[in-house]
Amino acid sequence: MPQTISLLCIDDNPLFLDAFRARLEQEKDLDVTTASTSAEALDLLNRQYFDVIISDYAMPDMDGLALFREIRARGGQSIFIIATAKRLAHIARDALNTGVDYYLQKGADIKNEFPRLIDFIRTRVPQKNAEHELKTQTRFYNSIVHNGAEFICRIKPDGTFSFINEPCVNLYKKPSQQLLRENFYSYVPDSERNEILACLQALSPEKPDCLLLHHVIAGDGRSILLDWGYHGLFSPSGVIQEYQLTGRDSGTLVRIGTTGTGGEHGKPSAVTGSSPKTMEEKPGKGSDLMAMLQSLDVPFFAVDKFGVIIAWSAKLAELTDVAATEMIGKGNREYAVPFYGKPGPMLVDHVVCSPGSTGGNNLPAAKKTGDTFIGEKEHVAIRGKPMILIGKCIPVHNASGHLIAAIESIAVSETQAETAGAELNSGIARPLMEEDAEFEGIWDFHQKILVGDPSGSIPLDIMYDTFVQFCCKNGRKPVDKDAFEYLLPQMDAPHPVVFRGKWQGCRFR
């Protein structure tokens, strides 16, 4: 049986709307809802997702193209079809140039148009759903891979890079496209290279992994000692194809306490499963996504749309000394306990509706950039240790656009006792900022371009344009203006603030 396709039809002519609905409902796989105004349609869209929206062009409160722009501005990705009785070429041209998916001409020939319209809907909806699902998984996967502190790369058997994440780009201080033409072994000291190659030659399909402690030469010339996990990727015939490398600086690891519920010391429990409610709208897809995320060494947790914990990563178990087996399946905002000592709201509550929620008044402060929520820095105590925490939360939707989960990643840094209540100092701010690839460049711009000056002021547009130019010149990816204006005031010395349309308290060097 074909999957049901939901349609929202909007027209201020009740006779046409009823006739249009009656014709579409002859098709058993089409579920039709109607609205007589754009305002009524927007209200419906606030409560329900529709695969297809068919809107009349000329309506008294808002024309069809204005409605289309409003829906897209709100993040709606439904297939959009414009219908009009006016035979004006510019309407069709403007509709298609604006991004509308299909143009329908009303009139005596509309009966002949229905087969083409229905065929278009049945063909395009599955394509759109597949594209959306792929983009969602790819975007979130890339966010996790590039936001972590780990250096992740892939190399060919001869050592040539075939993939490199943003922390590696920052380590070697070269653009990724340039690094993909270079050799990993050229960044390894000569005295260690042969021993590494000998270890890799010993890998096999039966034993594809090894863990090595060796140096690499950073882009600034420093020799840095890192833990490197090597995983061999073999063909079905047993021939090595590539190696995947994961490097981390174990010297920055903060160990809180000596015993706890996380299992044997130094061996935190891995994520062990998911709630029965996990991703029930798309069997198999959600579990595949979680399995992919659970393989990453990143501190994060995930909740379903009811606020029940469905994933608690090994890295987070190590940080909090609380095992995944203790957390998965819990609701009522229990995810906050390891950080705040009691249940309470976190960034995921901006996305999901947890039991016990009393609305938005008690939610943590956050900046929304696209569909990502970025939290403010907070002073917390984890296992009795004062820490500084910054969170980031991303919603997860299924192919139909329905919310099915929210994932919050955690970045922490230990704070010294005498500054536990103070603002972030440079030693703490830098790892937090550099850990998130989306915000790369802000730290360097702040440190290299700005100087504190009580009488200084810089117009907002000039500041942001200068930041973009700085990023382009240095191979950095500039964040959007909203994120820039949210993050820059969190930096210290100079500590710029916005007042009357200008950045006050600083000047360019």
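# Briefing: burial, packing and aromatic pairs

At 42% relative accessibility, Ala 365 counts as partly exposed (buried is under 20% relative accessible area, exposed over 50% and partly exposed in between, with a 1.4 Å probe and protein chains only). The structure is a predicted model, in which local features need pLDDT of at least 70 and side-chain atom pairs count only at pLDDT 80 or more, while totals for chains, interfaces and linings use all residues. Residues are numbered from 1 along each chain as its sequence is written, and side-chain values use heavy atoms, leaving out hydrogens and water.

**The protein as a whole**

- The protein contains 16 helices and 20 strands (DSSP runs numbered from the N terminus, with helices being H or I of at least four residues and strands E of at least two).
- Of its 509 residues, 46% count as buried.
- The accessible surface of the protein is about 24,400 Å², and 52% of this surface belongs to carbon and sulfur atoms (Shrake-Rupley method, 1.4 Å probe; for residues, only the protein chains shown count as cover).
- Among contacts between residues at least 6 apart in sequence, 55% join residues at least 24 apart (a contact means heavy atoms within 4.5 Å).

- Ala 365 is placed in the loop between helix H12 and strand S13 (366–369).
- Leaving out residues up to four places away in sequence, Ala 365 touches Leu 347, Ile 374, Gly 375 and Glu 376.
- Ser 78 belongs to the loop between H3 and S4, and with 4% relative accessibility Ser 78 counts as buried.
- Neighbours within four places in sequence aside, Ser 78 is in contact with Tyr 49, Phe 50, Asp 51, Ile 53, Arg 72 and Asp 101.

- In helix H2 (residues 38–47), the residues Ser 38, Ala 41, Leu 42 and Leu 44 are buried.
- These residues cover an arc of only 160 degrees around the axis, which puts them on the same side of H2 (the arc is that of the directions from the helix axis to the C-beta atoms).
- Asn 46 and Arg 47, on the other side of H2, are exposed.
- The cover over the buried residues of H2 includes strand S1 (5–10), strand S2 (30–35) and helix H3 (64–73).

**Strands S4 and S5**

- Strand S4 (residues 79–84) and strand S5 run parallel and are joined by four bridges (two strands pair if DSSP finds at least two bridges between them).
- Within this pairing, Ile 81 stands opposite Tyr 102 in S5.
- Strand S5 (residues 102–105) is covered on both faces, with Tyr 102 and Leu 104 buried on one side and Tyr 103 and Gln 105 buried on the other.

**Aromatic pairs**

- The protein has 16 aromatic pairs (rings of Phe, Tyr and Trp, the last by its six-membered ring, pair if their centres lie within 6.5 Å; planes under 30 degrees apart are stacked, over 60 edge-to-face and the rest tilted).
- The ring centres of Phe 161 and Phe 184 are 6.0 Å apart and their planes stand at 85 degrees, so this pair is edge-to-face.
- Phe 161 lies in strand S7 (residues 161–164) and Phe 184 in the loop between helix H7 (176–179) and helix H8 (190–201), so the pair ties together parts that are 23 residues apart in sequence.
- Both Phe 161 and Phe 184 are buried.
- Phe 445 and Phe 467 also form an edge-to-face pair, because their ring centres are 5.4 Å apart and their planes are at 75 degrees.
- Phe 445 is in helix H14 (residues 442–449) and Phe 467 in helix H15 (residues 460–473), so this pair ties together parts that are 22 residues apart in sequence.
- Phe 445 counts as buried at 0% relative accessibility, and Phe 467 is buried with a relative accessible area of 0%.
- Ring pairs link Phe 161, Tyr 172, Phe 184, Tyr 185, Tyr 187 and Trp 228 into a cluster.

**Charges over rings**

- The charged end of Arg 23 sits over the ring of Phe 114, 5.1 Å from its centre (NZ of Lys or CZ of Arg must be within 6 Å of the ring centre and within 35 degrees of the ring normal).
- Lys 106 lies over the face of Phe 16, at 4.1 Å from the ring centre.

**Positive phi angles**

- Asp 321 is a residue other than glycine with a positive phi, near 60 degrees.
- Asp 321 is in the loop between helix H10 (314–320) and helix H11 (324–327), and at 4% relative accessibility Asp 321 counts as buried.
- Asn 332, although not a glycine, has a positive phi of about 55 degrees and lies in the loop between H11 and helix H12 (337–340).
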